[in-house]
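Hello,

Here is the structure you are taking over. Please open it first and then read the notes below it.

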Amino acid sequence: MSLFPHVGDAVPKRKQSMAIVLAVIATLTFLAVTILASRQEVASRPLLFIVVALAATSCGMSWLLFVRNAARDREGKQALEGADARLAGLLDSAMDAIITVDSDQNVILYNKAAERIFGWPTRDMLGQPLTRLIPQRHQGAHGGQVKRFGQTGTTSRRMGDGTVLNGRRSNGEEFPLEASISQLDTAHGKLYTVILRDVTERVRASEELSAFASAAHAIRESEKTRIARELHDELAQSLTAIKMDATWIREAMPPDSDAVRAKLDDMLGLLDTTVAATRRIASDLRPLLLDDLGLGPAIQWLTHNFSQRHGVPCKLSLDEEVELGEPYATAVFRIVQESLVNVAKHSGASQVEVRIARTATAVVLEVNDNGAGFSPDAPRKAGSLGLMGLRERARLLQGTVDIDTAPGRGTQIRVSIPVPETGDRGEST
């Protein structure tokens, strides 16, 4: 029996049927002539012998043809069974699960790797619906996808494209899979073959790596906060105290000390510049507004500071309900900050708009500019990590980044980060 029922089993049988019919006719003719001869109802004995000889010859040739065709059929069947055995061996040696279903989505092929991955033995899966291997919540969507694939021949399920599906083992456990699908048209309908790979370990490693990277980001932000606060509270305050002492000395000096007074004026000017630079560096490291007053005031300060530094108007649209706990507040602030840095460095824009909104399950932010834009397919410049940093920050929180741009028509960066209830301000840890 073929591995694929009804495929390759239609061996031509016209010659075999004809041989049987001829043999039957020849046998009946031979019997009829014999009966007639015994009754002496034929006038010419030589003619009778000729008819008998022809009938016998026809009978023998018919049976010979029948036997030869039967032998050929046996050889063809044995060759087909041998090919099936070789194909079955190849399929069972594959490391990935290979499953074929018919047009009704019933399993007709199920290799050893599928047994190992899903836990169901072949005898329990042949003839069963494929939905047995799919979590119930995904079964409806799967049927629609297979139907669409059968009609169009296209699917988003490609091995190695990063798309992860969910499968269900015999014990009810769900696990991640990569999959690809192909189809074959036969006389009895379409056959669909899926190749499935268990990526449980890879997904677990990716989650551990993301957790490590998220922890590293948190440590770095904590260190930035500490340094920024020390710059603001220690160094800036000490410089301010020195400025006050220098001012007192200048006021207390004799009127005829013009040279010393001029030198003190220069010192006071340098102190003013140093204090301002210290506060700017501290704010760039980590604005204390973000920790003291929250995300909203920090974003307002960020956009206002951008406009002052670069002379580019920046319009801000901010939801009142946007306050978030950590690590979401820092992620949103840094994404907006890095986006504005990219605008200042590369776009040449004359206007920028920042929008931040809160939905029931996510925070969505957009940064739009009317600058030069760029080609998303162009090779990344050496040392240019701005967009990569955006994607990495969003990815660490299971967010997505969409960039809509083209040369000459500006850039829109849209980021969506899912925020659970524990991410709200007041419930952060």
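Keep in mind that this is a predicted model. I begin with helix 10, which lies across strand 6, strand 7, strand 8 and strand 10 (411-418). Helix 10 runs at about 10° to strand 8.

Helix 9 also lies across part of this region, namely strand 6 and strand 7. To strand 6, helix 9 runs at about 170°.

Next, the two helices together. Two packed helices are described by the angle between their axes and the distance between the axes. For helix 9 (residues 295-310) and helix 10 (residues 328-347), the axes come within 10 Å and cross at roughly 10°. Angles under 35 degrees count as roughly parallel, so helix 9 is roughly parallel to helix 10.

Which residues make the contact? From helix 9 they are Leu295, Ala298, Ile299, Trp301, Leu302, Thr303, Phe306 and His310. Helix 10 contributes Ala329, Val332, Phe333, Val336, Gln337, Leu340, Val343 and Ala344. By type, the residues of this contact are 13 nonpolar and three polar, with no charged ones.

Five strands form an open sheet with mixed pairing, in the order 6-7-8-10-9. Its edges are strand 6 (314-318) and strand 9 (400-405), each of which pairs on one side only. On average, neighbouring strands are turned by 10° against each other, direction ignored.

Within the sheet, strand 7 (residues 352-358) pairs with strand 8 (residues 362-369) in the antiparallel sense, over seven bridges. To find this pairing on screen, look for Val352, which stands opposite Asp369 in strand 8.

Regards

How values were computed: Residues are numbered from 1 along each chain as its sequence is written. This is a predicted model: local features need pLDDT of at least 70, side-chain atom pairs count only at pLDDT 80 or more; totals for chains, interfaces and linings use all residues. Side-chain values use heavy atoms; hydrogens and water are left out. Axes are lines fitted to C-alpha atoms, for helices over the stretch in contact, and angles run from 0 to 180 degrees between N-to-C directions. Helices (H or I, at least four residues) and strands (E, at least two) are DSSP runs, numbered from the N terminus. Angles under 35 degrees count as roughly parallel, over 145 as roughly antiparallel, 65 to 115 as roughly perpendicular and the rest as oblique. Contact means heavy atoms within 4.5 Å. Ala, Val, Leu, Ile, Met, Phe, Trp, Tyr, Cys and Pro count as nonpolar, Asp, Glu, Lys and Arg as charged, and the others, Gly among them, as polar. Two strands pair if DSSP finds at least two bridges between them.
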